Amino acid sequence: MKNETISGILSGIIAGLLFLILLFLLRWNIVIALLLAAGSYVGLSLLLKPRRKIGSRDVEDIPHGEELRRMLDEARKDFDAIAHAMNQIYDEKVWQQAKRLKLLSENILQYLEEHPERIHDASGFIDYYQDTASMLLQGYVDLQKSGLDTEEARQMREQMEHSFNTLNTAFELQFQRIMRDELVDIMFSITDQLMYLKANDMP
């Protein structure tokens with residue numbers, strides 16, 4: 001949105017300068033000067049408008065591209081929240097769990113950038129699993145900051161640590177489900193290679 005605002009302002013400035021030059025310097029008719037300035041504004045706005053992309057593809061070229069871009073933007077916000085919370089965790093064990101969540105999340109989002117057609121398949125990961133992870137990690141950080149060391153606080157920390165393990169497993173399963181077609185292709189390719197080696201008696 002910021003880049004679009006800048007391009008709009010720049011287009012307006014150039015169109016305004018063109019109008020002033022045509023009207024006062026070249027003494028053109030005011031109506032013609034206005035029309036040419038307006039046309040230049042529209043043309044420049046289209047030319048300078050930043051192209052929204054998912055990976056290397058323009059959003060406009062992808063079916064339901066705007067919706068997919070919005071979903072990916074939401075996923076990026078949760079990823080940033082996970083990364084931010086991870087950097088505030090003191091406990092080494094929990095930090096390692098958070099680091100694993102961050103890495104899996106990063107890999108999934110990178111895959112979705114490269115395969116936007118799979119973003120709808122990842123809606124469960126984006127809307128539930130990743131969102132839950134970001135909220136739980138922030139809750140852990142808040143509990144850590146409180147300094148509470150009561151029995152109840154210790155039990156809550158233990159429950160959260162168990163939840164982080166469960167979420168890491170869920171992230172892996174979600175990634176596997178999103179990549180199912182590629183994994184099948186890889187398995188077939190490996191099987192073909194093994195059969196070729198066996199048929200040719202190669203060690």
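**Helical architecture, cores and surface patch of the predicted model**

Helix α1 supplies the largest share of the nonpolar patch, namely seven residues. The structure is a predicted model, in which local features require pLDDT of at least 70 and side-chain atom pairs count only at pLDDT 80 or more, whereas totals for chains, interfaces and linings use all residues. Residues are numbered from 1 along each chain as its sequence is written, and side-chain values use heavy atoms, with hydrogens and water left out.

The patch lies on the surface and consists of I9, I13, L17, L20, I21, F24, L25, L26, W28, I32 and L36, which together have about 1,100 Å² of accessible area. Patches comprise residues with over 30% relative accessible area and no salt bridge, nonpolar side chains (Val, Leu, Ile, Met, Phe, Trp, Tyr) being joined within 5 Å and like charges within 9 Å; a salt bridge places a side-chain nitrogen of Lys or Arg within 4 Å of a carboxyl oxygen of Asp or Glu. Accessible areas derive from the Shrake-Rupley method with a 1.4 Å probe, and for residues only the protein chains shown count as cover. Two or more patch residues come from each of α1 (2-25) and α2 (30-48). I9, located in helix α1, is exposed at a relative accessible area of 51%.

The protein chain contains seven helices and two strands, arranged along the sequence as α-α-β-β-α-α-α-α-α. Helices (H or I, at least four residues) and strands (E, at least two) are DSSP runs numbered from the N terminus. Of the 203 residues in the protein chain, 33% are buried, where buried denotes under 20% relative accessible area, exposed over 50%, and partly exposed the range in between (1.4 Å probe, protein chains only).

In the largest nonpolar core, which has 32 residues, L112, I126, L137 and F164 touch the most other members. Elements giving two or more residues to this core are α3, α4 (92-114), α5 (123-146) and α6 (151-178). A second, separate core of five residues includes F19, L22, A33 and A37. A nonpolar core is a set of buried Ala, Val, Leu, Ile, Met, Phe, Trp, Tyr and Cys residues joined through side-chain atoms within 4.5 Å.

Residues touched by F164, leaving aside those up to four places away in sequence, are V94, Q97, L101, L136, L137 and Y140; contact means heavy atoms within 4.5 Å. Buried residues of α3 include L68, L72, A75, F79 and I82.
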